[in-house]
Amino acid sequence: MGLFLLDYGAGNVQSLANSLDKLGHRFTWISSAEDFNTATSLVFPGVGAFGHAIEGLTSRGLLEPLREYIRSGKPYYGICIGMQVLFQCSAESDVKGLGIIPGPITRFDDADKAVPHIGWNTADLFDADASNSSEGTDRPEHYYFVHSFRATYDPIAYPDAASWAHTTTQYGQEVFMASVRKGNVFGTQFHPEKSGDAGLKLLDAWLSQPESQRAVAPPTPRQVRLPQRAGGLTKRIIACMDVRANDQGDLVVTKGDQYDVRDNSATATAETAGAVRNLGKPVSLAARYYESGADELCLLNITSFRHSPLQDQPMLAVVRAAAGCVFVPLTIGGGIKDSVDPDGTKRSALEVAGAYFRAGADKVSIGSEAVYAVEKLRARGGSGDGTSAIETIARAYGRQAVVVSIDPRRVYVDPETYEGPYAAELVRGRADGPAHERGRAWWYQCTVSGGREARPLSVLQLAQGVETLGAGEILLNSIDRDGTGLGFDLDLVRLVKDNVRVPVVASSGAGGKEHFVEVFGATKVEAALAAGIFHREEVSIQEVKEEMKAKGIATRI
């Protein structure tokens, strides 16, 4: 008897297990249909696509036992897909849901905003009880959301479904259910296990209640809600760690200038000259950034074992250890592709991604393989064949789990005579801009292999191509700005952000807190990433966020 966790076979359910361990709540995994009879409380930390979740439950013989468990009146907490499967159906898939809540799951409208909805947003209308972690404070708590589909809060069109709404969140002009609560059922669209202290507090509040109290929650009174504010979604600050083995074989966090990670600077000592820069251990740095308020963390495996990633046990161990001490989203990149092990065993990108998700990653980042996939897409006339890493991973885990990292480089051309294929994408240096840009024009060419090889593809062709294939987010680097400290390439960021409908993370070039304020003020980008200035402690994440708040930019403090 006791608390059980349900894993349908995909997604990062380990994060919730880590959170429960930290909070001191003991649990058992559901391993068979019979376990539902033993469970007295159940948490379903669903991560991924609606159809894949239902099919996974069905294939394991768990769907009907889950339905019967919920109808038995015993406490149930569903997270993300674990909440969405309670509804009748989803626009994400043709399969039917559990039908506990009489309403549909529909897709966000991307006409006025990026989809997926990724980031930290507020959850309004919490009751004044133990689950309201923002009660009595002077600011609302923020929770982490990552989804393309939502349960619309509409008391007129869906009055029966609306009676389940416990809290609501606004994204753009759309109001949706952030959580549902009635009787024995509680569910959150956001991820408490990835929502830092606020999420841990909410989890602990629910689990600390007597089971009898968890099973009798009354419905929250319905309210006719109209969009009443711009929304509580904040701009995200992401700390990135490039991880590789140094010359002694230890995994370290490193950083280079224009992607060269070996220290050939004038300040190098006899011991460090020519060696891989060692800026710290990945797990300890991850813990430091979590404590200092990073909204997300990114671990990029830049060289080590990338050709056989499933045999890279040190990197998988790093992911597990980091996921055990940080409770914000974790993106893993490096080697997410179809590969062949040294013994000839073929490994699919989906299998590699699955291993990282089970180790504790929430999203995977794809680089060079995305370039090759878009080249193939364009050769096919603009349609994918379903085999690329982006397509296979998005189909199983949802597009929100797939980040594409883009590494463009400027190609300067004659501004008066250029009539090449990228004329529509040309950026022209401003008269008041840096001296070396005045009177010049350039387009952005995409590269692979860490910027070492140029490809006949522009940054817009790549960005729009990966969006077509199913990427949910773009990490936009700049080879020209990397390591310079001159600030983000605003022309590049604007060019991409204004031409895609998925969230974009600005990267490369940050030299101070003012550069974050600048990129958020001058572009519509959703997040900004930095590495070296955080590693070297030239500026702290807290200082960046305080500056953003002072300048009126929404951020999670």
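Met-241 counts as buried, at 0% relative accessibility. Buried here means under 20% relative accessible area, exposed means over 50%, and partly exposed lies in between, with a 1.4 Å probe and protein chains only. This is a predicted model, in which local features need pLDDT of at least 70, side-chain atom pairs count only at pLDDT 80 or more, and totals for chains, interfaces and linings use all residues. Residues are numbered from 1 along each chain as its sequence is written, and side-chain values use heavy atoms, with hydrogens and water left out.

Back to Met-241. Met-241 is found in strand 14. Strands (E, at least two residues) and helices (H or I, at least four) are DSSP runs, numbered from the N terminus. Not counting residues up to four places away in sequence, Met-241 touches Val-253, Pro-282, Leu-285, Ala-286, Tyr-289, Leu-297, Cys-298, Leu-299, Leu-300 and His-535. Contact means heavy atoms within 4.5 Å. One of these residues, Leu-297, is 56 residues from Met-241 along the chain, and their C-alpha atoms are separated by 7.9 Å.

Next along strand 14 (residues 236-245) comes Asp-242. Asp-242 is buried too, with a relative accessible area of 15%. Its contacts, leaving aside neighbours within four places in sequence, are Val-252, Val-253, Thr-254, Lys-255, Leu-300 and Ile-302.

The largest cavity is lined by 15 residues, and the closest to its centre are Val-47, Tyr-144, Val-146, His-191 and Asp-362.

His-191 sits in the loop between strand 13 and helix 7 (196-208). At 5% relative accessibility, His-191 counts as buried. Beyond its neighbours within four places in sequence, His-191 is in contact with Gly-46, Val-47, Ile-79, Cys-80, Tyr-144 and Val-146.

Now the sheet. Strands of a sheet pair through backbone hydrogen bonds, either parallel or antiparallel. In this model, 7 strands form an open sheet with mixed pairing, in the order 2-1-3-4-13-12-11. Strand 2 (28-29) and strand 11 (165-171) are at the edges with a single partner strand each, so one side of each has no neighbour in the sheet. Two strands are taken to pair if DSSP finds at least two bridges between them.

Strand 3 (residues 39-46) pairs with strand 4 (residues 76-80) in the parallel sense over 5 bridges, with Leu-42 opposite Tyr-76. Strand 4 also runs parallel to strand 13, joined by 4 bridges; Gly-78 has Gly-187 as its bridge partner there.

On to strand 12 (residues 174-182), which pairs with strand 13 in the antiparallel sense over 4 bridges. Lys-182 stands opposite Val-185. The two strands form a hairpin with 2 residues between them, and Gly-183 in the turn has a positive phi of about 60°. Within strand 13, Val-185 and Gly-187 point one way, Phe-186 and Thr-188 the other, and all are buried.

Which strands does helix 4 (residues 63-71) lie across? Helix 4 lies across strand 3, strand 4 and strand 13 (185-188), at about 125° to strand 3. Axes are lines fitted to C-alpha atoms, for helices over the stretch in contact, and angles run from 0 to 180 degrees between N-to-C directions. Helix 1 (residues 14-23) lies across strands 1 (2-5), 2, 3 and 4, at about 155° to strand 1.

In the loop between helix 3 (50-59) and helix 4 is Leu-62, which is buried, with a relative accessible area of 4%.

Last, helix 14 (residues 459-469) is mostly covered, with 9 of its 11 residues buried. Just after helix 14, Gly-470 takes a positive phi of about 125°.

Methods: 1 Å grid on protein atoms, 1.4 Å probe; cavity = no way out; pocket = protein on both sides within 12 Å on 5 of 7 lines; lining within 4 Å.
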